[in-house]
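Subject: A structure for you to look at

Hi,

Here is the structure I promised to pass on. Have a look at it first, and then read my notes on its pockets below.

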Amino acid sequence: VIPNGFEPDIFKPFDKEKARELWSLPHYKKLVLFGAMGATSDPRKGFKELSEALQKLKKNSDIEFVVFGSSQPQNAPDLGFKTHYLGHLHDDVSLVTLYSAVDVMVVPSLQEAFGQTASEAMACGTPTVAFGHTGLLDIIDHKQNGYLSKPFDTTDLANGIKWLLNAPNYDELCKNAREKVVREFDSRVVAGKYVELYKYILHSRK
């Protein structure tokens with residue numbers, strides 16, 4: 001299996017305080033990020049499941065929720081937290097500064113070939129929680145650089161968010177997250193894997 005690649009010289013950590021200032025996000029809150037194309041409207045992206053998980057965390061008054069890839073719905077659900085809807089992002093600089101501004105990325109996808117937002121967020125040093133299935137199993141190492149919840153278990157998804165937000169080794173998780181994706185998903189590493197595959201195919205056909 002050869003993964004999608006990314007550019008680690010573009011997707012890299014940016015100063016968290018400056019990033020929050022750029023996005024007008026609070027400096028004193030724990031920020032949880034969710035984002036995808038059609039973030040709130042595509043059922044495969046897991047917004048419904050994430051909403052249920054957030055309801056289980058709503059006693060935590062220091063959390064705020066951030067969404068990209070969707071404007072605020074007309075009848076926006078009450079998620080139990082102040083929610084910042086940032087709409088669609090159209091450039092890498094916006095993504096990098098947003099990934100760097102938050103404390104945790106959540107990828108609650110029900111179907112996912114790879115999980116590009118997970119790898120991008122982790123490249124920016126942001127640990128990620130996701131359901132432990134499909135391509136996300138290749139990106140996140142449980143409790144080493146993120147948290148893999150039992151598939152579609154919203155209670156465990158909530159547990160994962162809470163665990164990452166309160167982890168005593170949070171800085172180490174952030175460091176591990178970037179190191180993992182740079183080591184395995186750097187586009188130069190991925191290109192090398194294709195070269196090896198082509199050489200193997202050519203050699204086996206002789």
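A quick definition before we start: a helix here is a DSSP run of H or I with at least four residues, and helices are numbered from the N terminus. Please also keep in mind that this is a predicted model.

Why look for pockets with a probe? Rolling a probe the size of a water molecule over the atoms shows where empty space is left.

Let's begin with the largest pocket, which has a volume of about 190 Å³. Among the residues lining this pocket are Ala36, Met37, Phe68, His88, His90, Tyr99 and Glu120. Two helices, α3 (92-101) and α4 (116-123), each supply at least two residues of that lining. The largest share comes from α4, with three residues. Sorted by class, the lining of the largest pocket has six nonpolar residues, five polar ones and one charged one.

Now for the second largest pocket, which holds about 150 Å³ of space. Its lining is made up of 14 residues, and the closest to the pocket's centre are Pro13, Cys124, Gly125, Thr126 and Cys174. Here α3 and α6 (170-185) each give at least two lining residues. Which helix provides the largest share of this lining? That is α6, with four residues. By class, the second largest pocket is lined by seven nonpolar, three polar and four charged residues.

Enjoy exploring!

Best wishes

Note on methods. Residues numbered from 1 in each chain as written. Predicted model: local features only at pLDDT ≥ 70, side-chain atom pairs only at ≥ 80, totals over all residues. Heavy atoms only, no water. 1 Å grid on protein atoms, 1.4 Å probe; cavity = no way out; pocket = protein on both sides within 12 Å on 5 of 7 lines; lining within 4 Å. Points joined across faces, edges and corners; volume = space filled by probe spheres on them. Nonpolar A, V, L, I, M, F, W, Y, C, P; charged D, E, K, R; others polar.
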